[in-house]
Amino acid sequence: MLLHELAHCRAGDKGDMSTLSLFPHDDADFELLRREVTTDRVRTHLADRVRGEVLRYELPNLCALQFVCHQALDGGVTTSLALDTHGKTLSHRLLALRLTEL
Amino acid sequence: MTRIGSGAGFAGDRIEPAVALAEHAGLDDLVLECLAERTIALGQQRRLADPGLGYDPRLRARFERLLPVAARRGVRVLTNMGAANPLAAGEVTRELLREHRLPGRVAVVTGDDVLAELDLAAPAWEDGIALGEHGEVVSANAYLGADALLPALTTGASVVLTGRVADPSLFLAPLADRLGWDLADPDQTAAGTLVGHLLECAGQVTGGYFADPGVKDVPGLADLGFPFADVSPDGAAELGKLDGTGGVVSRATVREQLLYEVTDPTGYRTPDVVLDFREVTATEAGRDRVRIAGARGRSRPDELKVSVGYRAGHRAEAEISYAGPNAARRARLAAEVVTERLGGTGLRVRAEVLGQLGDSPSATAECRLRVAALAPDGERADLVCHEVESLYTNGPAGGGGVRTSVRDVIGIVSTSISRDLVRPRVTVLEADDAAA
């Protein structure tokens, strides 16, 4: 199963960083996301885009995971050579992650 | 209780939903946030070319539509459309008020331009390299806070124009003004900052940038309405949108916007407060109504963030299409050829084939080679475009549709500056004076 079936995501940009906020469609799946979508898996999955470290924050009140990906924007919005200089499409690249438990 | 609306979330935003909000939502304040990280540096470029420019190019178009409605409905308008030249934006606004025979007072907040105070030897946050070594610095703008806006509000202005101000501060200031909040109270300031953060991207909290057909459907996306917040003196807030407009306000849309561009949810720094999201809750309180509570704050930082713009060279971009059987392999061969021909230029070249279609011999297969490079001079930028263009008769078979462009690039890096070095000012322009 792809992460896309269980969760939604929005990407934001700041400098050369991309933030990926991940939320289950159903709150009951938050624990599953917490287990499955680890920092390591995100880093591996997005390895061709994200060159720096990935930090994960957990916000149980909101049933949210926040991934802060460093060196993700080819230097930053204005000097990036990528077609999507803001890295906005990274949100749905993350949702293509295949879950192992399901 | 006060009601504040969001009429623009970026410089390219639509105008109609803002007019509808001003007309029908019973707003006290309408905020238009139009400055992205790099926008002000582009404004500085325009101002260097013409000292009368540098403010938002759509200022007149937005205000032509909005100011008559806002004046009729008694809605105060705040915006950072002053960009790199708030005083010129103020004069344009005063002229517009006069043309439409509207009463009003325009307050202009300046002082964010700190180029003269900038230490070019200081390292940039992003890469640790001295600011001055990135290239010729063309702009340095400090993110002003709500404290810089409050004096403009106490003048009784109906329109407030700023340059660089932290986005949530544009909302926090009128909330503090209406609700009698003390900016030194971290929890009140955090509550107002949270509301500002949720509203600052306008339609992004009412279902814009959210729809994923079959997974997350948004009704009436073509007629997307913009959001407002009803904020209580205790800091609790309800987000909503105008009845009859398209879009949706739900826990899901609110959560996506809540963490948007937040690089540390335990300490989101603005000039006004350090906001902690960990206790924040978002609960649906009715149709298109979401209640927000639980923002916690710590004292504001001693230093202000500064966004520095520098000349970063010229970006060349060139593309060519290949179609039909074996299209992807021909496109990849073209990429290799161009990369090899540009090998001696010393440029970082990115060549990619768009449209990942494998090698199936389909008649409808189509892909496009894109070549991009950042060149320190125009000559080498032109060379990148020339090499793609020359694929017509010097590359693989069947390429077509070459498009090339070269554009100046303003790079952006960040640093910080002591508050003592930043001196916000308010200039009041009377529409009536202009008429006299």
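1. Basis of the values. Because the model is predicted, local features need pLDDT of at least 70 and side-chain atom pairs count only at pLDDT 80 or more, whereas totals for chains, interfaces and linings use all residues. Residues are numbered from 1 along each chain as its sequence is written, chains are lettered from A in the order in which they are written, and side-chain values use heavy atoms, with hydrogens and water left out.

2. Extent of the contact. Chain A contributes 36 residues and chain B 47 residues to the contact, where contact means heavy atoms within 4.5 Å. About 3,500 Å² is buried between chain A and chain B, 53% of it on carbon and sulfur atoms; buried area is the accessible area (1.4 Å probe) that two parts lose on being put together, summed over both. Of the area that chain A buries against chain B, 25% is supplied by A:R10, A:L62 and A:L81, more than by any other three residues.

3. In one of them, between B:R255 and A:D27, the closest N and O atoms are 3.7 Å apart.

4. A:R10. This residue lies in strand β1 of chain A, strands (E, at least two residues) and helices (H or I, at least four) being DSSP runs numbered from the N terminus. At 2% relative accessibility, A:R10 counts as buried, which means under 20% relative accessible area, with exposed over 50% and partly exposed in between (1.4 Å probe, protein chains only). A polar atom of the A:R10 side chain lies 3.1 Å from the backbone oxygen of B:Q204, and the contacts of A:R10 beyond four places in sequence include A:T19, A:S91, B:Y209, B:F210 and B:Y260.

5. B:L67. Within chain B, B:L67 sits in helix α3 (residues 59-73) and is buried, at 4% relative accessibility. Not counting residues up to four places away in sequence, B:L67 touches B:V77, B:T93, B:L97, B:L102 and B:V159.

6. Salt bridges over all chains. The whole structure holds 39 salt bridges. One of these joins B:E64 and B:R60, with the closest N and O atoms 3.8 Å apart; the two residues are four apart in helix α3 of chain B, so about one helical turn separates them. Another joins B:D147 and B:R300 at 3.4 Å between the closest N and O atoms, and this pair links distant parts of the chain, 153 residues apart. B:D147 is partly exposed, at 35%, and B:R300 is partly exposed too, at 40%. A network of salt bridges links A:D74, B:E317, B:R348, B:R350, B:E352 and B:R370.

Definitions and conventions. A salt bridge is a side-chain nitrogen of Lys or Arg within 4 Å of a carboxyl oxygen of Asp or Glu. A polar contact is a pair of N or O atoms within 3.5 Å; within protein, one must be able to donate a hydrogen and the other to accept it, and residues adjacent in sequence count only if both atoms are side-chain atoms.
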